Amino acid sequence: MPESSNPTLPGDAVTASPVPPLPGTISSDISFQTDLSTPRFQERADLVHSTPTGALLAVAGGFLDAFTYTAHDHVFANAMTGNVILLGISCVSRNWQDGLRHLPPIAAFLCGICTARGIHLYAERRNLRFPYLSVLLLEIVTLAILSFLPQNTRDFWITTSIAFAASVQVATFRQVNGHGYSSTFTTGNLRTLGEAIFDWIFAGRKPETLKRLEDFAMICGAFFLGALIGALATPRMGNRALWIDLVLLLAVAVRLLQQKRWDARDGV
């Protein structure tokens with residue numbers, strides 16, 4: 001939800017080092033873990049944690065931030081750093097009324113994280129191997145409802161709900177080809193891109209370094225593209241602009257359904 005009224009506020013960083021999967025466990029990484037190193041999970045890794053899927057989600061994340069900033073009180077909805085900073089500033093200046101408006105998006109973000117965690121925990125206990133679709137469906141339904149609200153709906157309801165939807169997404173889709181990333185804010189992705197550029201130039205031109213550079217160049221570019229689309233579409237379409245984001249998420253859902261069919265075929 002509202003990140004802040006100042007677009008220059010720092011975003012949240014995200015760990016970019018490889019995250020080894022833990023077979024059949026719910027780890028501190030919110031994303032559902034399976035042993036992706038075994039042959040039967042290679043196709044799943046190609047789709048769920050692939051660069052195209054990550055790029056589609058990054059376009060969707062950039063779009064949501066541009067949408068809320070453009071149409072709903074010049075606030076960001078995805079990362080919480082700005083809200084926490086402005087809350088602290090308001091407390092010091094004793095501007096309680098202004099400070100309190102930053103609490104709902106933070107609370108909504110935490111609720112979204114807990115919701116995604118609960119879905120994955122349920123899937124683990126029921127031995128369900130593909131909870132990604134359930135999480136994505138929750139986000140799609142939330143945004144679809146918001147898209148039909150009138151333009152004069154209070155910004156509070158729009159930005160808080162989007163903060164919830166964004167947190168569900170970022171808590172679930174956390175890896176691209178074995179590297180941590182975020183699809184709803186870009187600070188950590190830019191850091192990983194910068195490290196890859198440096199390593200490629202000064203630490204030896206290794207194929208894995210080039211792959212990481214290409215992956216995160218695409219992710220960062222996709223986030224920027226989403227922001228451009230959101231800035232262009234929102235003034236013309238209002239809340240209906242969320243339909244564009246829904247198309248992106250449905251494209252991800254199609255990829256996940258394909259993966260699920262492969263899993264069913266292979267008896268996973």
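Reader: Is valine 75 buried or exposed?
Author: The relative accessible area of valine 75 is 3%, and the structure is a predicted model. Burial requires a value under 20%. Valine 75 therefore counts as buried.

Reader: Where does valine 75 lie, and how far in space is its C-alpha from that of aspartate 155?
Author: Valine 75 belongs to the loop between α2 (51–71) and α3. Along the sequence, valine 75 and aspartate 155 are separated by 80 residues. In space, their C-alpha atoms are separated by 9.4 Å.

Reader: What pattern do the helices and strands of the protein follow along the sequence?
Author: The protein contains 10 helices and two strands. Read along the sequence, these elements give α-α-α-α-α-α-α-β-β-α-α-α.

Reader: What percentage of the contacts in the protein between residues at least 6 apart in sequence join residues at least 24 apart?
Author: The protein has 268 residues, of which 49% count as buried. Among its contacts between residues at least 6 apart in sequence, the share joining residues at least 24 apart is 78%.

Reader: Are α2 and α10 roughly parallel or roughly antiparallel to each other?
Author: Helix α10 spans residues 242–266, and its axis is 9 Å from that of α2. The two helices pack at an angle of about 160°, and the cut-off for the antiparallel class is over 145 degrees. The pair is therefore roughly antiparallel.

Reader: How many nonpolar, polar and charged residues does the contact of α2 with α10 have?
Author: α2 passes α10 in a left-handed crossing. On the α2 side the contact includes Leu56, Leu57, Phe63 and Phe67, and on the α10 side it includes Asp245, Leu248, Val252 and Arg255. By class, the residues of this contact are 14 nonpolar, one polar and two charged.

Reader: Is threonine 81 buried or exposed?
Author: Threonine 81 is part of helix α3, which covers residues 81–93. Its C-alpha is 9.4 Å from that of isoleucine 106, at a sequence separation of 25 residues. Because its relative accessibility is 16%, threonine 81 counts as buried.

Reader: How is the orientation of α3 to α5 classified?
Author: The axes of α3 and helix α5 (residues 103–125) come within 9 Å and cross at roughly 140°. An angle over 145 degrees would be needed for the antiparallel class. The orientation of α3 to α5 is therefore oblique.

Reader: How is the orientation of α5 to α6 classified?
Author: The axes of α5 and helix α6 (residues 132–147) are 9 Å apart. The packing angle of these helices is about 150°, and the antiparallel class begins over 145 degrees. The orientation of α5 to α6 is therefore roughly antiparallel.

Reader: How do the residues of the contact of α5 with α6 divide by class?
Author: α5 passes α6 in a right-handed crossing. The contact joins Thr115, Ile119 and His120 of α5 to Ser134, Val135 and Leu138 of α6. By class, these residues are three nonpolar, three polar and no charged.

Reader: How many disulfides does the count come to?
Author: A disulfide requires two cysteine sulfur atoms within 2.5 Å. By that rule, the count of disulfides is zero.

Reader: What is the phi of arginine 94, which is not a glycine?
Author: Arginine 94 has its place in the loop between α3 and α4 (96–100). With a relative accessible area of 66%, arginine 94 is exposed. Although it is not a glycine, its phi is positive, at about 60°.

Reader: What is the phi of asparagine 177, which is not a glycine?
Author: Asparagine 177 occurs in the loop between β1 (175–176) and β2 (179–180). This residue is partly exposed, with a relative accessible area of 35%. Asparagine 177 has a positive phi of about 50°.

How values were computed: Residues numbered from 1 in each chain as written. Predicted model: local features only at pLDDT ≥ 70, side-chain atom pairs only at ≥ 80, totals over all residues. Heavy atoms only, no water. Helix = DSSP H or I, 4+ residues; strand = E, 2+ residues; numbered from the N terminus. Buried < 20%, exposed > 50% of the residue type's maximum accessible area, 1.4 Å probe, protein only. Axes fitted to C-alpha atoms, helices over the stretch in contact; angles between N-to-C directions. Parallel < 35°, antiparallel > 145°, perpendicular 65-115°, else oblique. Left-handed = near helix turned anticlockwise from the far one by under 90°. Contact = heavy atoms within 4.5 Å. Nonpolar A, V, L, I, M, F, W, Y, C, P; charged D, E, K, R; others polar.
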